[in-house]
Amino acid sequence: MTIDGEHVNLALRVATPAGPGPFPTLIFHHGSTGGGTDPSTFATPYYPTPLVDWFTARGWAVVLPSRRGRGGSDGLYDEGFSQDRSKGYTCDEERLLAGAMRGLRDIEAITPVIMAMPFVDARQVVVGGHSRGGTLAVLWASRHPDEAWAVLNFSGGWRSTSCSTATAVNQALFEDDPARTPPSLWIYGENDSLFPMAHSRENFDAFKARGGDAEFAAVTPPHGVDGHQIVDSPVLWEGIVSRFLVEQGLALEAVH
């Protein structure tokens, strides 16, 4: 496809349950790469096996797109780096927001392709993501409110609180147009090394104050486990997610 005037191939990883389909589908977006200082990590495919297995076991397809320069996709990975890229992600608000918009354009380009795939039930699509991917899922849904049924935001945020600009950047992205966003579930873990619970609740409260239809769920991982990685522990969130999806009228059926 062509994005920003550049022809690129974007990689997708797909998991489907048994059967002919079409299936309810989760489109799930990846986060960043730690501090952004190790380019060898950019090409590593994102595949959260516990989450994928949880959904496919309940009759859902899962599609994991890789944005430009990540996980086998063409192009430059450029989502908010310092001018000297060897220093990794910047704290500069303007560059961070421009990087988020670059990521959003990738999602806007690939989502119609995913929606048209024969195994996808376009009437039952949930968009979600982890970390930066959670932020992009909420942002994309606010601009395309009729294309997804609901949103799952796992540990979402664009820049960690190691930057003084974190609150301004994260809230600017989450508050793009909350009142238009489909119902969303925000799931955060205690002891998150990037986004402390108080910071994430503040972002959520700002989203709600501007009309967002959302629910916040705080979970506690085992001692010594970084709360930023709760996406890999369905035992912490499966009850919350199941209830949320059923409340939105979405089916969860065990596949035998």
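Of the 256 residues of the protein chain, 55% count as buried (under 20% relative accessible area with a 1.4 Å probe, protein chains only). The model is predicted: local features need pLDDT of at least 70, side-chain atom pairs count only at pLDDT 80 or more, and totals for chains, interfaces and linings use all residues. Residues are numbered from 1 along each chain as its sequence is written, and side-chain values use heavy atoms, with hydrogens and water left out.

The chain has 6 helices and 9 strands (DSSP runs of H or I, at least four residues, and of E, at least two, numbered from the N terminus). Its radius of gyration is 17 Å, close to the 18 Å of the globule rule for 256 residues, so the chain is as compact as a globular protein of that length. The radius is taken over C-alpha atoms; the rule is 2.2 Å times the number of residues to the power 0.38.

Aromatic pairs number 17 (Phe, Tyr and Trp ring centres within 6.5 Å, using the six-membered ring of Trp; planes under 30 degrees apart are stacked, over 60 edge-to-face, the rest tilted). F28 and Y46 are stacked, at 6.5 Å centre to centre and 15° between the planes. This pair links distant parts of the chain: F28 lies in strand β4 (residues 23–29), and Y46, 18 residues apart from it, in the loop between β4 and α1 (49–56). Both residues are buried. W54 and F55 pair edge-to-face, at 4.9 Å and 75°. Both are buried too. One aromatic cluster takes in F28, Y46, W54, F55, W60, F154 and W237.

R132 lies over the face of Y89, 4.4 Å from the ring centre. Its charged end also sits over the ring of W158, 4.2 Å from the centre (CZ of Arg or NZ of Lys within 6 Å of the ring centre and within 35 degrees of the ring normal).

Conventions: Buried means under 20% relative accessible area, exposed over 50%, partly exposed in between (1.4 Å probe, protein chains only).
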